[in-house]
Amino acid sequence: KTFDTVTGEITTSSDILSVTHNRYVAGGFLDLGFIFNIISNNFEGGSNNFTTTSIYARYSKKLMRNIDWLASASVSHGTGNNDTFKNVNALSNMFTYQLRSWLLSAEQKYLQTQDQNRDLVENTFIFRATRSFTWML
């Protein structure tokens, strides 16, 4: 049984432990993080608990004078009552190029999601050109 029907009042509490670390490495900035989250739902006749553990890393660096690179990766595993679970793995890269008032970017995202109902993989490529206008009054 995956889902319960609940009527009446429900109380939710969440306990979160978050640890982060930032450092300058190899000419760029590295952000590392760990998050542990416990969500408890109490209702008349029972309760549900869901626990999530996540780890992430982000790295940003200027490759050339006008080219920036941002890479990130994350892994998240969650488990709960009634054999529920959700696992998410993500990876992304983005390159940006500033050309006067234009910003050109190329972005790649990979996302894998698994839970008790599905196994989904998304791979996205986005190319973007934006222009900003400023007026001096």
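**Close-up 1. Asp68 pairs with Lys62 in a salt bridge.** Asp68 is partly exposed, at 29% relative accessibility. Here, buried means under 20% relative accessible area, exposed means over 50%, and partly exposed lies in between (1.4 Å probe, protein chains only). Lys62 is also partly exposed. Its relative accessible area is 49%. The two side chains meet at 2.9 Å, N to O. A salt bridge is a side-chain nitrogen of Lys or Arg within 4 Å of a carboxyl oxygen of Asp or Glu. The structure holds four salt bridges. The model is predicted: local features need pLDDT of at least 70, side-chain atom pairs count only at pLDDT 80 or more, and totals for chains, interfaces and linings use all residues. Residues are numbered from 1 along each chain as its sequence is written, and side-chain values use heavy atoms, with hydrogens and water left out.

**Close-up 2. Glu107 forms a salt bridge with Lys109.** Their closest N and O atoms are 3.7 Å apart. Is Glu107 buried or exposed? Glu107 counts as buried, because its relative accessibility is 15%. Lys109 counts as partly exposed, at 39% relative accessibility.

**Close-up 3. Glu107 also forms a salt bridge with Arg128.** The closest N and O atoms of this pair are 3.7 Å apart. The pair links distant parts of the chain. Glu107 lies in strand β6, and Arg128 lies in strand β7 (residues 119-131). The two residues are 21 residues apart. Strands (E, at least two residues) and helices (H or I, at least four) are DSSP runs, numbered from the N terminus. Arg128 is partly exposed, with a relative accessible area of 38%. Which residues are linked in a network of salt bridges? They are Glu107, Lys109 and Arg128.

**Close-up 4. Tyr97, Leu99, Trp102 and Leu104 make a nonpolar surface patch.** The patch covers about 340 Å². Two elements give two or more residues to the patch: β5 (85-99) and β6 (102-115). Patches are made of residues with over 30% relative accessible area and no salt bridge; like charges are joined within 9 Å, and nonpolar side chains (Val, Leu, Ile, Met, Phe, Trp, Tyr) within 5 Å. Accessible areas come from the Shrake-Rupley method with a 1.4 Å probe, and for residues only the protein chains shown count as cover. Trp102 lies in strand β6. Trp102 counts as partly exposed, because its relative accessibility is 36%.
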